[in-house]
Amino acid sequence: MTTANKLTIISIAIAIAIISLWYGQSNALLPVAASPEAEAVDGIFQLMMTVATGLFLLIEGVLIYSAIRFRKKPGDETDGPPVEGNVLIEIVWTAIPTVIVLIISIYSFDVYNAMGGLDPEASRDSGPQQVAEKTNSNQGLEGLIASVSDYLALGLGESPANRSKNLTPLSVDVNAIQYAFLFTYGESGVVSGELHVPVGQPVRLKITAGDVIHAFWVPQLRVKQDAVPGREAQISFTPQRTGEYPIICAELCGPYHGAMKTQLIVESQQAYQSWIDQQQVAQSQSLEDAVAVGQTDPLNAYAEEIGVNQQTLEQLPPHTH
Amino acid sequence: MTTSAETSLSEQEEKRTWTDYFTFNTDHKVIGIQYLVTSFIFYLIGGALAAGIRTELATPESDFVSPELYNQMFTVHGTVMIFLWIVPAGAGLANYLIPLMIGAKDMAFPRLNAVAFWMIPPGGLLLMASFFVGAPQAGWTSYPPLSLMTGKAGEEIWILSILILGTSSILGAINFLATILKMRMPEMGFFDLPLFCWSMLATAAMILISTPVLAAALIMLSFDLIVDTSFFDPTGGGDPIVYQHMFWFYSHPAVYIMILPFFGAISEILPVHARKPIFGYRAIAFSSLAISFLGLIVWAHHMFSSGTPGWLRMFFMATTMIIAVPTGIKVFGWCATIWGGKIRLNSAMLFGMGFVSAFLIGGLSGVMLASVPFDIHVHDSYFIVAHLHYVLFGGSVLGLFAAIYHWFPKMTGKYLNETWGRIHFVLTFIGLNLTFLPMHQLGLEGMNRRIAIYDAEFQTLNIICTIGSYILAVSTFPFLINLVWSVLKGKKAGANPWKALTLEWQTASPPLIENFEEEPVLWSGPYDYGVDVSEENDQSVQELLSDVKADMS
C-alpha cells in the first residue's frame with residue numbers, strides 16, 4: 001500500500017467519523033425530552049445513530065465507488081481477480097459488529113435499569129391475575145373489568161435513583177377503553193380524561209384495559225406500555241419539563257384507533273393542586289361532567305358513530321378499588 | 001441400445017406448451033413459474049391496497065375510505081404481501097433453481113410440490129373473497145381480543161386462508177430440504193453447493209420448525225372465535241399474551257423466511273456480474289445457518305412493550321443484537337465481492353446492488369430496535385413501518401427483481417430489455433426511498449401506525465410518502481411491459497448469457513423437460529471466476545465449457 005493510499009484511507013475514515021458524530025449528536029429527529037428517562041433514551045439513540053451513520057456512509061460509499069470505479073471497460077471480457085476471501089479481514093468484520101452490539105446492549109441494559117425496567121415489583125409477570133368479568137352492559141361492547149392486585153405488574157417500575165431519594169410517587173390508575181383513557185387519582189378520587197401531573201414529582205401509572213389491548217404512549221417521555229385486559233401493567237416517569245404532551249394509544253384497538261388520544265399536562269405544583277381542587281368540586285356534583293370535559297376533540301367528531309354517549313359514560317365503572 | 005436412445009431422444013423433444021402452466025404439472029420448472037406468476041398477481045393486488053392506504057394518509061382526516069375499510073385494507077395488504085407475494089415468490093425461485101443448481105432432474109417429491117403450489121390460488125382467492133363479507137380488520141397480526149370482536153366472518157376466512165398457505169409453505173420446505181440433502185449430483189459436496197441452496201436449507205429448516213406453531217395459534221384462535229372457547233379471551237380466563245408469543249414464534253422467523261432466499265439469490269448474482277468469486281464462501285454459507293438458528297430465538301422483541309417481564313426483554317435484546325453479526329458478515333462479504341471486480345452494471349446488477357444499499361438501512365434500524373429502551377419509544381410507530389418495509393421491500397422485493405432479471409433468460413430463453421429494466425430500477429429505487437425514508441422521522445416524532453386519522457403536524461412528511469408510493473405504483477408498468485414484450489419478442493439468450501458457472505447455466509435456455517441433455521459435469525466451483533483465466537492462458541468460461549463438453553463426448 002502506497003503512502004498516498006494510506007493518506008486517502010485515513011482522511012476518508014476521519015471524514016466519516018466527523019460526519020457520523022455530527023449527525024448522531026445533532027439530528028433533531030426526536031421530539032423534546034420531558035423527563036430524565038427520556039434524556040437517557042436519547043443518549044442511546046445518539047450513540048446508535050452515530051454508529052449507524054458511520055456504517056451507512058462506509059457501505060453506501062463502497063457500493064457507489066465500486067459502481068463507478070470497477071465498471072467493466074467496453075470490450076473487456078476477462079474476469080476480475082480471483083480473490084476468494086481473506087481470513088483476517090473476515091475476522092475483523094465479525095469482531096467489530098460483535099463489539100458494537102455488545103456496547104449498545106450493555107448501555108441499553110443500564111438505561112433500562114435506570115428507568116426502573118428491572119424493578120422486581122414492576123418487571124415480573126405471572127400471567128393473567130384474575131379472570132376478568134364479563135358484563136353485558138353497553139351496546140354489545142364486551143366491557144371487561146380488569147382486576148387490580150397490589151404488586152403483580154409489568155412494565156417500568158421505580159427507578160433506582162428515585163428510590164434512593166425517597167420521593168413519594170403520584171399514583172394514578174389508567175383505564176384504557178375503546179377509544180379513551182380514564183385517569184383515576186387514588187388519593188383525591190378525581191376521575192379525568194386528561195392526565196395532569198405536577199412537575200418534578202415521580203409518577204406511577206397503573207395501566208389496565210377494559211376491552212381490547214391498548215397502549216399508553218407519550219412520545220416526549222419515550223415510554224410506552226400495552227394495556228392488556230386481565231393484567232395490570234405499570235410505568236413510572238419523572239416529568240421535569242412543564243407543557244402539554246400527547247398521550248397516544250399505540251396498539252391497534254379498532255377502527256377509531258387513530259382518534260384515541262388525550263393530553264398529558266405537566267404543570268407546576270400550585271396549578272396541579274388547583275386543578276385537583278376544581279375537579280373534586282365538579283365531581284362531587286356529577287361524575288359524567290368531569291369525564292365529558294376530558295373528551296378530546298378528535299374523538300368528539302366520531303362519538304355518535306362509535307356509540308359513546310352520556311349513557312355509556314354513566315355505565316363505565318367508576319374506578320376499581 | 002438404439003431403441004432406448006431413440007425413446008430418450010423423443011422424450012427430450014417433447015415440448016412445453018403454454019397450457020401446461022394451467023395444469024397440475026409435476027415439473028419443478030413449471031411449478032416455479034406458476035408460483036412466480038401467481039405471487040406477482042397478488043403483488044399487484046397488495047400494491048393497489050397500499051396505494052389506497054397512502055391515499056387515505058395524504059390527509060390527516062379520515063376522508064378517502066371509512067375507518068373500517070381502512071383497517072381492512074392494511075390488514076389484507078400485510079397478509080397478501082407476506083403470505084401471497086414474498087413467501088411464495090421465494091418458494092417459486094427455489095423450485096425453479098434448486099434442481100438445476102444441484103444437477104437433479106426434478107425435486108424429491110414432484111407431486112407434493114404440485115400440491116403445495118395448488119394450495120396457493122384457493123388460499124389467496126379465499127382471502128380476497130373475505131371482502132364480500134367484511135374483510136378482517138385486526139391487522140395482519142390479528143391480536144385477540146380485538147380479532148375476536150371485529151368482523152368475525154372475515155377473521156375466520158383470514159385464519160383458514162393462512163392455514164392453507166402455511167400448509168403449502170411446509171410442504172414446499174420438506175421438498176427443498178429433501179432435494180438439497182439427497183438429490184445432489186454424486187460429486188457435489190456441501191461446499192460445492194451454490195449459496196442459494198445453503199440459504200434455502202436455512203429457510204426450509206425455519207419453516208418446518210416455526211410454521212406449525214402459527215397453525216396451532218390460529219386453530220386455537222379459531223376455536224375462540226367460533227365455539228367460544230377461551231384460549232386467548234380474557235373474559236373466560238384466557239391469555240392474549242400467549243397468542244402473541246405463539247404468533248411471533250412464527251412471524252419473526254417469517255421475516256428470515258422472506259429474506260434468506262433473496263440473500264441467497266444476491267450471493268449468486270453479485271459474483272456473476274462482478275466477475276469475481278464470492279468473498280468468504282464458507283462465512284456466508286454458515287451465516288445463513290446462524291441466522292436460521294438465532295432467528296428462532298428473537299421473537300419476543302416484538303413484545304417489548306407488551307406483557308413481558310423485564311428479564312425476558314433483556315434476553316431477547318441480547319439475542320436480537322447478536323443476529324446483526326451474521327447479517328453483517330453477509331453485507332461486508334457482498335461489498336468485498338464487487339470491490340475490484342469488472343462490474344456489468346445491467347438491470348440484474350443494479351437491483352442486486354440496490355438490494356444491498358436498501359437492506360442496509362433496514363438492518364441498521366433493526367439493530368436500533370433491538371435496544372429495549374429505544375424500542376419502547378418507537379414500537380408500533382411509523383419507525384417500525386419504515387424498518388419493516390426497508391427489510392421486506394428494500395430487501396426481499398429488490399432481491400426478487402434482481403433474481404428475475406438474472407434468471408429470466410434461463411427461464412424463457414430471452415433477455416429482458418435493458419432500457420426498460422433501468423427505468424424500472426430508477427423508479428423503484430426513488431419510489432422506495434421517498435415512501436419509506438420519511439417514515440423513520442414520523443415514527444420518532446410520535447406518529448403511531450395503523451391509524452387513518454393523524455395529527456396535522458405530520459402531514460408534510462405523509463404527503464412525501466404518498467408521492468413516493470405513487471412512483472412505486474408507476475414503476476410496476478415498465479416491468480410489466482418489459483415482461484410481456486420480452487417473452488414475445490425479446491432478444492434470444494443462449495444457454496449461458498451471463499457466462500456464469502453454476503450448473504443451471506450448463507443446460508439450454510429454457511432447460512429441457514428433465515433439465516440436462518446429458519449428465520452435467522461439475523468442472524468448477526460455483527464461483528471460480530478469474531481462477532481459470534489466470535492459470536490457463538486467457539481461456540474464457542465459454543471456451544472452457546465447450547472443451548469440457550468435447551471431452552465428454
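Predicted model: local features only at pLDDT ≥ 70, side-chain atom pairs only at ≥ 80, totals over all residues.
1. Let me start with the rings. A pair of aromatic rings is described by the distance of the centres and the angle of the planes. Over all chains, the count comes to 54 aromatic pairs. One of these joins B:W334 and B:F355, with 5.6 Å from centre to centre and 70° between the planes, an edge-to-face arrangement.

2. Where do B:W334 and B:F355 sit in chain B? B:W334 belongs to helix α12 (residues 324-338), while B:F355 belongs to helix α13 (residues 347-370). The two are 21 residues apart, and their pair links distant parts of the chain. Both B:W334 and B:F355 are buried.

3. Next, have a look at B:F351 and B:Y405. Their ring centres lie 5.4 Å apart with the planes at 15°, so this pair is stacked. The angle falls under 30 degrees, which is the cut-off for calling a pair stacked. B:F351 is in helix α13 of chain B and B:Y405 is in helix α15 (residues 382-412) of chain B, so the contact ties together parts 54 residues apart in sequence.

4. Are B:F351 and B:Y405 buried or exposed? B:F351 is buried, with a relative accessible area of 0%. B:Y405 is buried as well, at a relative accessible area of 4%.

5. B:F351 and B:Y405 belong to a cluster linked by ring pairs, whose other members are B:F40, B:Y43, B:W85, B:F401, B:F425, B:F429 and B:F479.

6. Two arginines are worth a glance if you care about charges over rings. The charged end of B:R184 is placed over the ring of B:F190, at 4.3 Å from the ring centre. Likewise, B:R282 has its charged end over the ring of B:F191, 3.7 Å from the centre.

7. Now over to chain A and its sheet. Strands of a sheet pair through backbone hydrogen bonds, either parallel or antiparallel. In chain A, five strands form an open sheet in the order β7-β13-β12-β9-β10, and the pairing is mixed. Which strands are at the edges? They are β7 (195-198) and β10 (223-227) of chain A, each pairing on one side only. From one strand to the next, the twist averages 20°.

8. Strand β7 of chain A pairs with strand β13 (residues 261-267) of chain A in the parallel sense, over four bridges. Within this part of the sheet, A:H196 stands opposite A:I265 of β13 in chain A.

Technical notes
Residues numbered from 1 in each chain as written. Chains lettered and ligands numbered in written order. Heavy atoms only, no water. Phe/Tyr/Trp six-rings, centres within 6.5 Å; stacked < 30°, edge-to-face > 60°. Buried < 20%, exposed > 50% of the residue type's maximum accessible area, 1.4 Å probe, protein only. Lys NZ or Arg CZ within 6 Å of the ring centre and 35° of its normal. Pairing = 2+ DSSP bridges. Axes fitted to C-alpha atoms, helices over the stretch in contact; angles between N-to-C directions.
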